[in-house]
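Grab the viewer and work through them one at a time.

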Amino acid sequence: NTPLVDWGNGKCGKDGIVAVTYASHGGKDDRFCRAVESSLRQNIPWEILGWGVKWQGLSQKLQASLDYAKTLDPHCILLFSDAFDVLFTQGLQPIKKSFQSA
């Protein structure tokens, strides 16, 4: 069983796509929880980088994302989303199909 919320294990998803975000904490309102809930509802394993790490600025988020991307197979599609302002409305397979047809 693949966990629905992963914590940065560096593996591409079974469909050749991985969803990733960066969040050092849950925020001051429910937006992060809503984003996580939407990933659960769409059965999207969501890699959450930086959890529990003291926030020091945007460059930390960018560096963690780059370091994570370097661990993936070069053919893996990396879907990076904001942790607070995104709700998933469909699963990874339709997202991948839309990306590939663009």
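**Exercise 1.** Work out whether Arg41 is buried or exposed.

*Solution.* Start with the cut-offs: buried is under 20% relative accessible area, exposed is over 50%, and partly exposed is in between (1.4 Å probe, protein chains only). Arg41 comes out at 65%, so Arg41 is exposed. Next, look at its partner: the Arg41 side chain forms a salt bridge with that of Glu37, 2.8 Å from N to O. A salt bridge here is a side-chain nitrogen of Lys or Arg within 4 Å of a carboxyl oxygen of Asp or Glu. Glu37, at 36%, is partly exposed. Finally, both sit in helix α1, 4 residues apart, about one turn of the helix. Helices (H or I, at least four residues) and strands (E, at least two) are DSSP runs, numbered from the N terminus.

This is a predicted model, where local features need pLDDT of at least 70 and side-chain atom pairs pLDDT 80 or more, while totals for chains, interfaces and linings use all residues. Residues count from 1 along each chain as its sequence is written, and side-chain values use heavy atoms, without hydrogens and water.

**Exercise 2.** Find which parts the Asp85 and Arg31 pair ties together.

*Solution.* First, the contact: their side chains meet in a salt bridge at 2.6 Å, N to O. Asp85 is in the loop between β4 (77-80) and α3 (92-101) and Arg31 is in helix α1 (residues 31-41), so the pair ties together parts 54 residues apart in sequence. Then check accessibility: Asp85 is exposed at 57%, and Arg31 is partly exposed at 37%. Last, widen the view: Asp29, Arg31 and Asp85 are linked in a salt-bridge network.
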